[in-house]
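Thanks for coming. I have one structure to go through today, so let me put it on the screen.

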Amino acid sequence: KHSRDLFEPIMFAGPYAVLVLLSFCTIILLQFIRIPVMTVEERKDTGRPLGVIARQPVFIVAVLAAMLGYAVMAFVMTATPLAMVACGHGFADTALVIQWHVLGMTVPSFFTGHLIRRFGVLTIIKIGALLNLGTVIAGLSGIDLTEFFVALVLLGVGWNFMFVGGTTLLTSAYTPAERNKVQALNDFLVFGLVSVGSLAAGAIQNFLGWNAVTLTVILPVLIAFLAALWLRLSNRYDE
């Protein structure tokens, strides 16, 4: 927000410059990470075929939770600044809403793991889905700053519970020898759908409006919720 006018009269060039700086900071931090190197024997053992792993109910539910939770978040978050401008809100209000949305995404990570251990990963995924449905309710309630604020905070926390829950659940679907290819498939599916959601957000907001954006969330969130509920009731996963 503070770097918006850094290179006036070229608005928003400043934030891109700051992003470059932050990226270099990330590169520096990554140098301190020491990931254990797999032995020759471990690299030879690739485990079960990927198709067999992907047919497991636990894999399917884990990927659905992470994929749909992330795509819904990116979809609504991308459309929100456009919708707020269209509804007459200024840049400061839009920045405030997105700031608190990001806090909603990240701050729960300090205790999401504890909640998963206490209540179970499927419960946390379902709560995340319900929070995202709360985003729909708040979004349809009005177009004042308060409604946007509440909707985006709920969206952030809902994303955290669904994505952290999904990626936690995924670790029970593979052995250490299988982790690389399973995580690669998961990331491809998650961020592939995120790309689709981000690209679709602007078009739906432009042609159909904010209410259509929020209503679009309902089906994918319900699918993730029902998938987690089915896995719990089918006794195919022991928490």
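I will go through the pockets, then the aromatic contacts, then a few backbone points and the cysteines.

First, the ground rules. This is a predicted model, where local features need pLDDT of at least 70 and side-chain atom pairs count only at pLDDT 80 or more, while totals for chains, interfaces and linings use all residues. Residues are numbered from 1 along each chain as its sequence is written, and side-chain values use heavy atoms, with hydrogens and water left out.

Let me begin with the pockets. Lining residues have an atom within 4 Å of a point. Grid points are joined across faces, edges and corners, and a volume is the space filled by probe spheres set on the points.

The largest pocket has a volume of about 640 Å³. Its lining has 20 residues, and Lys1, Phe12, Pro15, Phe91 and Ile98 are the closest to the centre. Helix H1, residues 13-30, together with H4 and H5, are the elements that give two or more residues to this lining. Helices here are DSSP runs of H or I with at least four residues, strands are runs of E with at least two, and numbering starts from the N terminus. By class, the lining of the largest pocket splits into twelve nonpolar, six polar and two charged residues. For the classes, Ala, Val, Leu, Ile, Met, Phe, Trp, Tyr, Cys and Pro are nonpolar, Asp, Glu, Lys and Arg are charged, and the others, Gly among them, are polar.

Phe91 is found in helix H5 and is partly exposed, with a relative accessible area of 30%. On that scale, buried means under 20%, exposed over 50%, and partly exposed in between, with a 1.4 Å probe and protein chains only. Arg4 lies over the face of Phe91, 4.3 Å from the ring centre; the criterion is NZ of Lys or CZ of Arg within 6 Å of the ring centre and within 35 degrees of the ring normal. Phe91 and Lys1 are 90 residues apart along the chain, with their C-alpha atoms separated by 8.6 Å.

Phe12 is in the segment before H1. Its phi is near 70 degrees, a positive value in a residue other than glycine. At 37% relative accessibility, Phe12 is partly exposed.

The second largest pocket has a volume of about 160 Å³. H4 and H9 are the elements that give two or more residues to its lining, and H9 gives the most, with five residues. Its lining includes Phe75, Val196 and Pro220. The class count is nine nonpolar, two polar and no charged residues.

Now the aromatics. How many aromatic pairs does the structure hold? There are seven aromatic pairs. Rings of Phe, Tyr and Trp (its six-membered ring) pair if their centres lie within 6.5 Å; planes under 30 degrees apart are stacked, over 60 edge-to-face, and the rest tilted. Tyr70 and Phe191 have ring centres 5.2 Å apart and planes at 65 degrees, so this pair is edge-to-face. This pair links distant parts of the chain, with Tyr70 in helix H4 (residues 57-86) and Phe191 in helix H9 (residues 179-207), 121 residues apart. Tyr70 is buried at 18%, whereas Phe191 is partly exposed at 36%. Trp100 and Phe149 have ring centres 5.8 Å apart and planes at 55 degrees, so that pair is tilted. Trp100 lies in helix H5 and Phe149 in helix H8, so the pair ties together parts 49 residues apart in sequence. There is also one aromatic cluster, formed by Tyr70, Trp159, Phe163 and Phe191.

On to the backbone. A cis peptide bond joins Glu8 and Pro9, with omega about 5 degrees; Pro9 is in the segment before H1. Gly88 sits in the loop between H4 and H5 and is exposed, at 65%.

Last, the cysteines. The structure holds zero disulfides, a disulfide being a pair of cysteine sulfur atoms within 2.5 Å. Cys25 is partly exposed at 36%, and Cys87 is partly exposed at 28%.

Definitions and conventions:
1 Å grid on protein atoms, 1.4 Å probe; cavity = no way out; pocket = protein on both sides within 12 Å on 5 of 7 lines; lining within 4 Å.
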